[in-house]
Every structure is written in C-alpha cells, then in structure tokens.
Amino acid sequence: MHKFTPEQDAFILSKYLERKGGTETARLFNQKFSTASNNLNISQATVRVRLKETILKSNSESEISEYTLKLIRDYKDEYFPTVDINNADTKELLTRYIA
C-alpha cells in the first residue's frame, strides 16, 4: 500500500483545482512520482478517495480543512501560485468534493 507524502497530496489537490479528471490526475501522478525502483500505479479511484477522505476532509461541510490550508500554504510557490481561497468557486471546490 502506498504511503502518500504531503507533496503528493499537494500535487493531487492542485490537479483537482485545475479540474483535471481522476484518470488524468492518476496518470500524471504516476509519471511524476515513479522512480526506477518504485513504479507507481495509483488508480483514479485511489485519487478520488484520497481527495474525499483525507485532503478535503473537514470537521464541517462549510469549512476548508486544516490539512488543505496547510498544503496550500506549504506548497504555494510550487503548486498553488494563483489559488485564491476566498474566490467563491475555489472555496466551493475546497469545502466539498466535486467530481
């Protein structure tokens, strides 16, 4: 079973905010994070579950999760240079998973 790193979660979140589909996100994830000794084969279902159950999971349906905020803050330059969490569309994406 793959153990996700915060950077990998940030990558998944960035593709979600770019409205990439699960299949495309999984393909890009596998391409970016595979190594010669560890050829990843993360599926679209795994990406979706990771988003819903870990990255976006909050104590309230109207709040952005603390983990999401931390990812955006920690990886702002690399993955989220233009993300505005106060934008209504972005906030909606961050408060609940939208396929």
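Isoleucine 12 counts as buried, because its relative accessibility is 1% and the limit for a buried residue is under 20%. This residue belongs to a predicted model of a protein chain with six helices and zero strands. Isoleucine 12 itself is found in helix 1. The points below begin with the chain as a whole and then turn to its core and to selected residues.

**Overall architecture**

- The protein chain is as compact as a globular protein of its length, because its radius of gyration is 13 Å, close to the 13 Å that the globule rule gives for 99 residues.
- Along the principal axes, the C-alpha atoms of the protein chain fill a box of roughly 40 × 25 × 20 Å.
- Of the contacts in the protein chain between residues at least 6 apart in sequence, 58% join residues that are at least 24 apart.

**Surface and charge**

- Of the 99 residues in the protein chain, 37% are buried.
- The protein chain has an accessible surface of about 6,300 Å², and carbon and sulfur atoms account for 46% of this surface.

**The nonpolar core**

- The largest nonpolar core consists of 26 residues, and those with the most contacts inside it are Leu13, Leu17, Phe29, Leu51 and Phe80.
- At least two residues of this core come from each of helix 1 (6-17), helix 2 (22-33), helix 3 (44-55), helix 4 (66-74) and helix 6 (88-95).
- Helix 1 gives the most to this core, supplying six residues.
- Leucine 13, one of the residues with the most contacts inside the core, touches Leu51, Ile55, Leu56, Thr68, Leu71, Ile72, Phe80 and Leu94, when residues up to four places away in sequence are not counted.

**Isoleucine 12 and phenylalanine 29**

- Beyond residues up to four places away in sequence, isoleucine 12 touches Phe4, Thr25, Phe29, Val47, Arg50, Leu51 and Ile55.
- Isoleucine 12 and valine 47 are 35 residues apart in sequence, and their C-alpha atoms are 7.1 Å apart in space.
- Phenylalanine 29 is found in helix 2.
- Phenylalanine 29 is buried, because its relative accessible area is 0% and buried means under 20%.
- With residues up to four places away in sequence left out, the residues that phenylalanine 29 touches are His2, Phe4, Gln8, Phe11, Ile12, Ser34, Leu40 and Ile42.
- Phenylalanine 29 and phenylalanine 11 are 18 residues apart along the chain, with a separation of 7.5 Å between their C-alpha atoms.

**Arginine 19 in a loop**

- Arginine 19 is found in the loop between helix 1 and helix 2.
- Most residues other than glycine have a negative phi.
- Phi of arginine 19, by contrast, is near 65°, a positive value in a residue other than glycine.
- Arginine 19 counts as partly exposed, because its relative accessibility is 44% and this class lies between the limits of 20% and 50%.

- Threonine 90 is found in helix 6.
- At 17% relative accessibility, threonine 90 counts as buried, because the limit is under 20%.
- Threonine 90 touches Leu17, Val83, Asp84 and Ile85, residues up to four places away in sequence not being counted.
- Glutamate 92 also has its place in helix 6, and with 33% relative accessibility it counts as partly exposed.
- The C-alpha atoms of glutamate 92 and histidine 2 are 29 Å apart in space, and the two residues are 90 apart in sequence.
- Glutamate 61 lies in the loop between helix 3 and helix 4.
- Glutamate 61 is exposed, because its relative accessible area is 75% and exposed means over 50%.
- A distance of 6.1 Å separates the C-alpha atoms of glutamate 61 and threonine 95, which are 34 residues apart along the chain.

Note on methods
Residues are numbered from 1 along each chain as its sequence is written. This is a predicted model: local features need pLDDT of at least 70, side-chain atom pairs count only at pLDDT 80 or more; totals for chains, interfaces and linings use all residues. Side-chain values use heavy atoms; hydrogens and water are left out. Helices (H or I, at least four residues) and strands (E, at least two) are DSSP runs, numbered from the N terminus. The radius of gyration is taken over C-alpha atoms; the globule rule is 2.2 Å times the number of residues to the power 0.38. Buried means under 20% relative accessible area, exposed over 50%, partly exposed in between (1.4 Å probe, protein chains only). Contact means heavy atoms within 4.5 Å. Accessible areas come from the Shrake-Rupley method with a 1.4 Å probe; for residues, only the protein chains shown count as cover. A nonpolar core is a set of buried Ala, Val, Leu, Ile, Met, Phe, Trp, Tyr and Cys residues joined through side-chain atoms within 4.5 Å.
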